[in-house]
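Colleague: Can you walk me through this model? I'm new to reading these.
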Amino acid sequence: MDEKSSSSSHHRLLIVLLMALLFGVIMVQYVCPSRSECQMLHHLGSWLKVGSATGSRGSGSEAQDGLQKDPYIAEDGALVRFVPRFNFTKADLNRVVDFNIKGDDVIVFLHIQKTGGTTFGRHLVRNIQLERPCECHAGQKKCTCYRPGKKETWLFSRFSTGWSCGLHADWTELTRCVPSRMDSREAPKNLPRNYYYITILRDPVSRYLSEWRHVQRGATWKASLHVCDGRSPTLSELPSCYSGDDWSGCALQEFMDCPYNLANNRQTRMLADLSLVGCYNVSAMSDEERWAVLLESAKRNLRGMAFFGLTEYQRKTQYLFERTFNLEFIAPFTQLNGTRASGVDVPPETQHRIRQLNRWDVELYEYARDLFLQRFQVARQQERRQARERRQQERRRLRGRLPTKQGRQLKPTETPHQPDSHSVVNEEQQREKAGGDIVESEVLLPDWWDLDENSTMEDYMDNVEQW
């Protein structure tokens, strides 16, 4: 008897310890959602997850299989639970455009340096399933991206039209240059074209370090025009950081010390309308006021763009692009973390200095990341809701064919229950009213547990927010 009680107490103790470990794993994810911030804790959490999953394989295998089917979970160290910081309108979050590739619509890619834009640009010309794929030949830098049945391009980018508006043209240049360039390449249209602007953003510190390494190897981007209000800046408005042909071999400290370095807050400047602050004439207003205006302009332009992606979220970037334009990529995007910038050993104080130099980019990126993840969340909720409704319709259709009720055949003496007309009308009115409420708040309401909507494990997994 004593042996049985001792064994029982040991089992209870093991269960308590296991529950404590699981609770610790959950707390690690909430307290330290980013792997880069608490690597040791996340390694411990991953080890505990493996151990607990092995111990409870029999009871939770179905749920684990459901999680593994979702390609967007933990694809890039994504947050376990995303908490939005900014409020956006439904129009900002439901970003789907009626892109007509057979008509006159044009996708314009704004390529910011060192954001992974070269890789994304190649995806656009080589990796999209099209009725008429782009023609890319070995040894040629540009591809021919014609519409089906026409010798007209649907893509304005480095790898399709080249740097037609200047090397790494920014928002100010592209929005004024692209329409005239398209009209000069093709016959002007009676109706204005739809131009859908897209871009890719990157974590400011990683992008800055990547640009430094690129400049260190000899890159200059001297061919950039920086046209604003019809002219390029003078040398006094935009001085150079170096006196020779290039800045190759420059130290990081030297790179950071140049006050005219365009690498500082590059993403904010390239997405803003520079004409709002007198272009490159910095004497028009104070530095703080100038950058505050540029930041708000960049945010506004980013919200209005048809699409933008984030280097740190490759699969989500692919998903949102496909959903926005109703186009599909042939091969999935891959998350590559082994960049040159990631191999740079930078002390914490230097990283802090880089963040200070790029404070406006840091703020823009946090804003963009929040909008990006909210768009992804809304898109996935809508996709799951649509899939769940299709399954429910299919189940109702199958139930209508079966002469059974709740899996039990009716006895010969039984007759099906016939509700009176009054109750039918009331049910229909309630259903219509509930349906109207759902439509009105489709974006705002989460998917709550419901016996009818979660009658299968697949339905339940679709209703759970997964990141």
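Colleague: Of the contacts with a separation of 6 or more, what percentage is between residues 24 or more positions apart?

Modeller: They account for 74% of those contacts in the protein, a contact being heavy atoms within 4.5 Å. This is a predicted model, where local features need pLDDT of at least 70, side-chain atom pairs count only at pLDDT 80 or more, and totals for chains, interfaces and linings use all residues. Residues are numbered from 1 along each chain as its sequence is written, and side-chain values use heavy atoms, leaving out hydrogens and water.

Colleague: How many residues count as buried?

Modeller: Of 467 residues, 42% do; buried is under 20% relative accessible area with a 1.4 Å probe, protein chains only.

Colleague: Which residues touch the most others in the largest nonpolar core?

Modeller: Trp 154, Phe 321 and Phe 325, out of 75 members. Such a core is a set of buried Ala, Val, Leu, Ile, Met, Phe, Trp, Tyr and Cys residues joined through side-chain atoms within 4.5 Å. Helix α13 (residues 359-401) gives the most, eleven residues; helices are DSSP runs of H or I, at least four residues, numbered from the N terminus.

Colleague: What does Phe 321 contact beyond four places in sequence?

Modeller: Its partners include Ile 107, Phe 120, Leu 124 and Phe 307.

Colleague: Switching topic, how do α10 and α13 pack?

Modeller: Helix α10 (residues 287-304) packs on α13 at about 20°, with axes 10 Å apart. The two are therefore roughly parallel, a label for angles under 35 degrees. Axes are lines fitted to C-alpha atoms over the stretch in contact, with angles from 0 to 180 degrees between N-to-C directions.

Conventions:
Buried means under 20% relative accessible area, exposed over 50%, partly exposed in between (1.4 Å probe, protein chains only). Angles under 35 degrees count as roughly parallel, over 145 as roughly antiparallel, 65 to 115 as roughly perpendicular and the rest as oblique.
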